[in-house]
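Hello,

Here is the structure I promised to pass on. Please open it first, then read my notes below.

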Amino acid sequence: MPSSCKDIRAALASCLQSSDCVLIERNRPTDCLRPPLLETLPTQCQQLKRGFAECKRGMIDMRKRFRGNQPMAVSKELEGEKGGQLYAGKMMGTGAKATGGGEDEREGVETVVGLDGEKRIVR
């Protein structure tokens, strides 16, 4: 099996091994993936099963044959990155630009601190 689905397959296997269907009820993992017992699995295992099926389907999808399957995604919030909307390659919603307090609200007017420590308005 190509390496694009190995990670999600391993995650599904470990999820199944730690589920109540296998540990407590003593069913085989393949039996837990079938409809009568599938509803008893945790939501994470059901999502991994769906993701693994999409990964295998993507291996034969002709639209993805050049780029291949995307690697298994991890939430950006878990990695410490802030998510946001991209606009022209830049993050949106980061707020107004920071000023050093030397700019006036009017256009073309700037406040400058002189060598003597006094503030002067320059146009």
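Leaving aside residues up to four places away in sequence, Val 122 touches Gly 108, Val 109, Glu 110 and Val 112. Take Glu 110: 12 residues separate Val 122 from Glu 110 in sequence, yet the two are 5.3 Å apart in space, C-alpha to C-alpha. Val 122 sits in strand 4, which covers residues 119–122. Its relative accessibility is 39%, so Val 122 counts as partly exposed.

A word on confidence. This is a predicted model. The protein chain has a mean pLDDT of 77, and 65% of its residues reach 70 or more. Across residues 74–79 the pLDDT is below 50. That stretch has two contacts in the model beyond near neighbours in sequence.

Next, the core. In soluble globular proteins, nonpolar side chains tend to be buried together. Here the largest nonpolar core has 13 residues. Ile 8, Cys 32 and Leu 41 have the most contacts inside it. Three helices each supply at least two residues of this core: helix 1 (6–17), helix 2 (20–23) and helix 5 (43–60).

Last, Ser 19. Where is Ser 19 found? It is in the loop between helix 1 and helix 2. Is Ser 19 buried or exposed? Ser 19 counts as buried, because its relative accessibility is 2% and the cut-off for buried is under 20%. Setting aside residues up to four places away in sequence, Ser 19 touches Leu 41 and Pro 42. Leu 41 is one of the core residues named above.

Best wishes

Technical notes:
Residues numbered from 1 in each chain as written. Predicted model: local features only at pLDDT ≥ 70, side-chain atom pairs only at ≥ 80, totals over all residues. Heavy atoms only, no water. Core = buried A, V, L, I, M, F, W, Y, C linked by side-chain atoms within 4.5 Å. Buried < 20%, exposed > 50% of the residue type's maximum accessible area, 1.4 Å probe, protein only. Helix = DSSP H or I, 4+ residues; strand = E, 2+ residues; numbered from the N terminus. Contact = heavy atoms within 4.5 Å. pLDDT = per-residue confidence, 0-100.
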